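Q: Please take a close look at the aromatic side chains here. I would like to know where they sit, what they touch and how they pair.

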Amino acid sequence: MKTDMNKAVIIGGDERQIYMAGYFNGHGFRPELYGFDRYRKSGGRFCVGDLETAIKGAEIVILPIPASLDGGITVNAPYSDSTITFDSLIRLIDPDKAVFAGMMSKTMRSVFFKKGVRVYDYADRDEFTIRNAVPTAEGVVEIAISKLPTTIKGSKVAVTGYGKTGKAVAKSMGSLGAFVTVAARKCSDVSQADNDGHTGIYLRELYKCAWEFDVLVNTVPAVVADEKVLKNLRPDCLILEIASAPYGVDMNAAKALGLEVVIAGSLPGKCAPKSAGIIISETILNIIKEGSE
């Protein structure tokens with residue numbers, strides 16, 4: 001991949017992408033934003049109002065994270081006044097362009113590949129997931145502080161899953177004085193949680209101690225907090241779902257039990273959009289640099 005790219009078009013997304021445009025502008029690119037009508041009407045920089053004009057002449061096309069909220073029918077563009085369909089986008093993208101997106105569906109990937117377009121999912125990169133876990137964890141802390149009737153210090157917190165995000169959440173909550181229990185499937189994760197100063201248990205055992213917790217934070221994108229777990233939670237337990245769909249909390253069971261689940265997706269874009277935008281930008285630049293070596 002060439003390193004002397006000039007025009008970069010950023011299509012869809014939230015406040016993170018606005019900060020990305022500024023970052024790319026300061027690193028040798030000519031950025032353009034499409035799908036930011038409200039920002040454009042307020043005098044926002046780098047905005048264009050026509051998709052074809054935006055893509056024309058661009059060597060890289062950047063889509064948000066998640067790239068789509070409906071499996072690849074439309075682009076995730078909450079700041080746009082109109083729907084950006086994936087079909088209208090793909091028709092304008094030639095094989096000489098490189099596409100970067102986060103959490104692409106299999107459908108989106110296959111369409112790009114069939115057209116011969118180079119496509120990179122920056123959410124698959126370790127440097128992204130490691131760094132992005134920090135604003136995610138801070139977002140969890142922010143929600144917990146705003147919703148708990150008690151301090152985090154002394155609270156009993158369960159974290160399901162001990163990947164990069166789970167580790168960051170457990171560390172952040174523990175640093176504020178919470179008693180953290182990590183529920184994981186793998187023996188190595190349970191042991192690592194113990195070594196990190198938390199209480200490690202197996203997910204299959206979570207239901208046995210569920211009544212203890214003031215907060216349950218799920219980081220696993222597959223059901224792990226099922227009816228067996230949920231019916232043993234206290235009614236006042238704060239349930240935070242931060243995984244992507246189909247989620248780790250059984251939503252139907254939670255509703256039937258009268259439990260409120262706070263679905264807190266895309267936390268980096270809500271609590272630290274500038275930092276999150278820089279993390280995405282630097283990950284993309286790393287991919288470009290690697291491709292030129």
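A: A helix here is a DSSP run (H or I) of at least four residues, and helices are numbered from the N terminus. Keep in mind that this is a predicted model.

Phe-112 lies in helix H5, which covers residues 106–114. Is Phe-112 buried or exposed? Its relative accessibility is 0%, and buried means under 20%, so Phe-112 counts as buried.

Now look at what surrounds that ring. Set aside the neighbours within four places in sequence. Phe-112 is then in contact with Leu-63, Phe-86, Ile-90, Ile-93, Val-99, Met-104, Val-117 and Val-119. Phe-112 and Ile-152 are 40 residues apart in sequence, and their C-alpha atoms are 46 Å apart in space.

Next come the ring pairs. A pair of aromatic rings is described by the distance of the centres and the angle of the planes. How many aromatic pairs does a search of the whole structure find? The search finds 6. One of them joins Tyr-23 and Phe-24, with centres 6.5 Å apart and 85° between the planes. Planes over 60 degrees apart count as edge-to-face, so this pair is edge-to-face. Tyr-23 and Phe-24 are both buried.

Compare the pair of Phe-100 and Tyr-120. Their centres are 5.1 Å apart and their planes meet at 20°. Planes under 30 degrees apart count as stacked, so this pair is stacked. It also links distant parts of the chain. Phe-100 belongs to strand S4 (residues 98–101), while Tyr-120 belongs to strand S5 (residues 118–121).

Phe-100 has a relative accessible area of 0% and is buried. Tyr-120 has 24%, which falls between 20% and 50%, so Tyr-120 is partly exposed.

Rings can also join into a group. Ring pairs link Tyr-23, Phe-24 and Phe-29 into a cluster.

Some rings have a charged partner. Arg-204 lies over the face of Tyr-202, at 4.6 Å from the ring centre. Tyr-207 has the charged end of Lys-228 over its ring, 4.1 Å from the centre.

Phe-46 is not a glycine, yet its phi is positive, near 70°. It is found in the loop between helix H2 (37–41) and helix H3 (51–55). Tyr-247 is not a glycine either, and its phi is positive at about 75°. Its place is the loop between S10 and H11. Tyr-247 has 23% relative accessibility, so it counts as partly exposed.

Pro-246 lies in the loop between strand S10 (238–241) and helix H11 (251–256). A cis peptide bond joins Ala-245 to Pro-246, with omega about 15°. There is also a cis bond between Ile-65 and Pro-66, where omega is about -10°. Pro-66 sits in the loop between strand S3 (60–62) and helix H4 (86–92).

Gln-17 lies in helix H1, residues 15–25. It is buried, with a relative accessible area of 0%. Beyond four places in sequence, Gln-17 touches Ile-10, Gly-12, Leu-33, Phe-36, Pro-64, Ile-65 and Ile-280. Phe-36 in that list brings us back to an aromatic side chain.

Technical notes: Residues numbered from 1 in each chain as written. Predicted model: local features only at pLDDT ≥ 70, side-chain atom pairs only at ≥ 80, totals over all residues. Heavy atoms only, no water. Buried < 20%, exposed > 50% of the residue type's maximum accessible area, 1.4 Å probe, protein only. Helix = DSSP H or I, 4+ residues; strand = E, 2+ residues; numbered from the N terminus. Lys NZ or Arg CZ within 6 Å of the ring centre and 35° of its normal. Contact = heavy atoms within 4.5 Å.
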